[in-house]
Amino acid sequence: MTYSRDTFLGLKEDLLEIFLRGVGSTCSDENFNQMALRAFCLQCEANGPYGAFIKHRGLVPETVTHWGEIPHLPTRAFKTTDLFTGDGSRAEAVFRTSGTTRGGEERGRHLVRSLEIYRGSLLPSFQAHVLPEGDSMPVLALLPDPADAPESSLSFMIGAVKEGLCDGLGGYFATATGGVKWRELHITLREAEARGEPVLLVGTAFAFVHWLEKAGEERWEVRLPPESRLMETGGFKGRSRDLSREELYARLERSFGIPSHRMVNEYGMTELLSQFYEPVLRFSGAQGTGIEGRHHVGPPWVRTRVLDPLTLEPVPEGELGILAHYDLANLGSVSGILTEDLGRAV
C-alpha cells in the first residue's frame, strides 16, 4: 500500500461512521480486525518511528492477518518520540501527559492528527456512561478552561462534552497553573442547590481531595439535587497520605449530597483517544452500590488484552497483568499501546 492523504481520510470516514453507531452497537471481531489491519499498514508506512519499531520486530505488515499479532508500543515511547501518521506539521493538537508518575521532565507528547476523531470517539462513550438519560446539565469542572490549557487532553475532553452534550452550560473552576477557584465553585454549587438544578461535577481524584480539605476548613456542605452526578478520573493520593477510594467517595457524598452510586470513575490516557468507564449509571444497579467489584468497560472500537509482564503473552481471565489496548481512534498516531497499568479481565 502506498500512503496518501486519501488513505487516512478514507479510514477516518469509516471510523466516524462506527462512532456514530454509539457504544450500544457492536463492532464484530471481523470488522474490527479489518479496520485494525488497515490502520496498522497505514501507520507502519506513514509513521516513521513506528514503522522502524515494527521492522525491528521482524514483521512485514502486509503478512499480518489478525490484530492480536500486532506488537503494542510501550507508552514510554511517547516520552522520547513524536509518533504521527503523516506529516507532523498537520497535527491539530499536541497533548502532554501530566508527568506525575516520574516527574515533569518525562512528560509524554501525543500529536493528534484529527480532533474530529477525538470528539467522535469521546462523546458517545461519555453520553452512555455519564449522561445516559440524555438530559443536559451544567458541567462544573475542577479543571482549567481548555483555551487556557491547550495541552491537556482532559480539559479538551470536558470542553467537548460541555459544548456537545450540555448546551455549553457550566464552567471551569481551576487555573492553568493548578489553582482552584474555591469560593466561586462554592457559590455556584449553592446556587444550583437553591434552584434545584442538577449538575455534573468533573475533576481528578486529586482535585476532589483538595476540595474536601478546603471545604472542611470552611465548613462548606451542599445538598445537590437528586439527578446530580460526579465523574472523577485519576489516582487517589492526597497531599500527605493515601486516601482510599471508599473513604474519598464517602466524604464526597457528605460534601455534595451525591450518593456514591452516582459517582463514576473514568480511566483514560493522554496516549489514547478513547476512554473506559464504570457503567454504574448506564446499567443502574448492575454493579451494586459498593465500590468493591466495580469494573470498567471500553467502547466497541477498542480491544484490550491483559498480558504477562515478562512474556507479554495473554494471561488467563481473572489474573492480574499489564493492560494493552488497541484503539482504532488512535489512527493518527499508534493504535496498539502497551501501558504501565495493571488490571484483570472480568
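Modeller: Buried means under 20% relative accessible area, exposed means over 50%, and partly exposed lies in between, with a 1.4 Å probe and protein chains only. This is a predicted model, in which local features need pLDDT of at least 70, side-chain atom pairs count only at pLDDT 80 or more, and totals for chains, interfaces and linings use all residues. Residues are numbered from 1 along each chain as its sequence is written, and side-chain values use heavy atoms, with hydrogens and water left out.

Biologist: Is Cys-41 buried or exposed?

Modeller: Cys-41 is buried, with a relative accessible area of 16%. Cys-27 is also buried, at 7%.

Biologist: How many disulfides are found in the whole structure?

Modeller: The search finds zero disulfides. A disulfide here is a pair of cysteine sulfur atoms within 2.5 Å. In general, it is a covalent bond between the sulfur atoms of two cysteines.

Biologist: Turning to the helices, at what angle do H2 and H3 pack?

Modeller: Helix H2 (residues 29-46) and helix H3 (residues 48-56) pack at an angle of about 105°, and their axes are 5 Å apart. H2 is therefore roughly perpendicular to H3. Angles of 65 to 115 degrees count as roughly perpendicular, under 35 as roughly parallel, over 145 as roughly antiparallel, and the rest as oblique. The axes are lines fitted to C-alpha atoms, for helices over the stretch in contact, and the angles run from 0 to 180 degrees between N-to-C directions. Helices (H or I, at least four residues) and strands (E, at least two) are DSSP runs, numbered from the N terminus.

Biologist: Which residues make that contact between H2 and H3?

Modeller: H2 contributes Phe-40, Gln-43, Cys-44 and Ala-46, while H3 contributes Gly-48, Tyr-50, Gly-51 and Ile-54. Contact means heavy atoms within 4.5 Å. Ala, Val, Leu, Ile, Met, Phe, Trp, Tyr, Cys and Pro count as nonpolar, Asp, Glu, Lys and Arg as charged, and the others, Gly among them, as polar.

Biologist: And how far apart are the axes of H6 and H7?

Modeller: The axes of H6 and H7 are 11 Å apart, and the helices pack at an angle of about 80°. That makes H6 roughly perpendicular to H7. Trp-182, Arg-183, Leu-185, His-186 and Leu-189 of H6 meet Ala-207, His-210, Trp-211, Lys-214 and Glu-218 of H7. This contact of H6 with H7 holds five nonpolar, two polar and three charged residues.

Biologist: What does H7 do with H8, then?

Modeller: H7 (residues 205-218) packs against H8 (residues 245-256) at an angle of about 50°, with the axes 11 Å apart. The two are therefore oblique to each other. On the H7 side are Ala-205, Phe-208, Val-209, Trp-211, Leu-212 and Ala-215, and they meet Leu-248, Arg-251, Leu-252, Ser-255 and Phe-256 of H8. The residues in this contact of H7 with H8 divide into nine nonpolar, one polar and one charged.

Biologist: Now the loops. Where is Val-199 found?

Modeller: Val-199 is in the loop between helix H6 (182-195) and strand S6 (200-204). Val-199 counts as buried, at 1% relative accessibility. Leaving aside neighbours within four places in sequence, the contacts of Val-199 include Met-137, Pro-138 and Leu-224.

Biologist: And Asn-330, buried or exposed?

Modeller: Asn-330 is buried, with a relative accessible area of 1%. Asn-330 lies in the loop between strand S11 (321-327) and strand S12 (336-343). Beyond neighbours within four places in sequence, Asn-330 is in contact with residues including Gln-43, His-110 and Glu-271.

Biologist: What is phi of Arg-219?

Modeller: Phi of Arg-219 is near 60°, a positive value in a residue other than glycine. Arg-219 lies in the loop between H7 and strand S7 (229-233), and counts as exposed at 79% relative accessibility. Asp-167 has phi near 55°, also positive in a residue other than glycine. Asp-167 is exposed, with a relative accessible area of 61%, in the loop between helix H5 (153-165) and strand S5 (170-174).
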